[in-house]
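Colleague: I'm new to reading protein models. Could you walk me through a few features?

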Amino acid sequence: MQNLENCPGIKVGGYNVNNIRYADNTVLITENKDDLQKLLNIVEEESRKKGLELNSKKTEVMVISRKQEPPKCDIFINDTKLKQQDKFKYLGTIITSDGRNNNVIAARIAQAKNNFQKMRAVLTNTHISIQTRKRVLQCYIKPILLYGCKGWTISKQIEAKLEATEMWVLRRMLRISWTEKKSNETVLIEANSRRSHIKTIRKRQATFLGHVREKLEHLITTGKLDGKEAGENKGKK
């Protein structure tokens, strides 16, 4: 991997990034197909010198693009063409070709609701105090919903969905039917609760940025990407 240090990648905050590694997972990153093929060739050649072989079946390609249909990217290991994906699961989160996290958050909401239903007998049991049930919710459901939230970009639409999920849970815990037409504020008062998901996410993100200060993760999260649009807009206010 040291042989990749001077190879082109993407510029983030003036820093060149062409690979990300975690345990035995390696991601190669470049701005175009030709540079990516060169990186992969170097890794393949250096691996072979050490008696290692890249597994073409476990190596995949994805293009991050704003286009509805991502451009084709034909990358090869020797003569084997690698499969191009529009999304894949990495370290428990979903990476998509549009670079957004809407699908990730939607999947988290679905998983949280599914696990709520599995624990419905406890979480909706009125013989158990609401405070105890909220503690169970905090321990077993909320972590599923907010897993990986440190890297989320929260739009107003996503914020509304997360808050709606929060109210969906409380209404079921209190056995409040939609036909009762109770406002969210009334439900919160009855549950002796406040909206907390967005506040928790912001707090975790701030803690994460403080923890990784001066590290690559901080640069990736806060740095600006060099690009054509950035260049055209320089000096414009």
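Colleague: Let's start with N101: is N101 buried or exposed?

Modeller: Keep in mind that this model is predicted. The idea is to check relative accessible area, where buried means under 20%. N101 has 11% relative accessibility, so N101 counts as buried.

Colleague: Where is N101 placed?

Modeller: Look in the loop between strand 10 (93-96) and helix 2. Setting aside neighbours within four places in sequence, N101 is in contact with G151, W152 and T153.

Colleague: Now helix 2. Which residues does R108 touch?

Modeller: R108 sits in helix 2, which covers residues 102-118. Not counting residues up to four places away in sequence, R108 touches G92, I144, L145, Y147 and W152. Take Y147: 39 residues separate Y147 from R108 along the chain, yet their C-alpha atoms are 7.6 Å apart.

Colleague: What about the surface: which residues make the nonpolar patch of about 280 Å²?

Modeller: That patch is made by Y15, L216 and I220. I220 belongs to helix 9, residues 216-222. Partly exposed lies between the buried and exposed cut-offs, 20% and 50%. With a relative accessible area of 41%, I220 is therefore partly exposed.

Colleague: Last one: which residues does UniProt list for "domain: Reverse transcriptase"?

Modeller: The unreviewed UniProt entry gives residues 1-95. In the model, that span is 18% helix and 31% strand, and its end C-alpha atoms lie 23 Å apart.

Note on methods
Residues numbered from 1 in each chain as written. Predicted model: local features only at pLDDT ≥ 70, side-chain atom pairs only at ≥ 80, totals over all residues. Heavy atoms only, no water. UniProt positions renumbered as here; feature names shortened; annotations may be inferred. Helix = DSSP H or I, 4+ residues; strand = E, 2+ residues; numbered from the N terminus. Contact = heavy atoms within 4.5 Å. Patch = residues over 30% accessible without salt bridge, like charges linked within 9 Å, V, L, I, M, F, W, Y side chains within 5 Å. Areas by Shrake-Rupley, 256 points an atom, 1.4 Å probe, with all protein chains shown as cover. Salt bridge = Lys/Arg side-chain N within 4 Å of Asp/Glu carboxyl O. Buried < 20%, exposed > 50% of the residue type's maximum accessible area, 1.4 Å probe, protein only.
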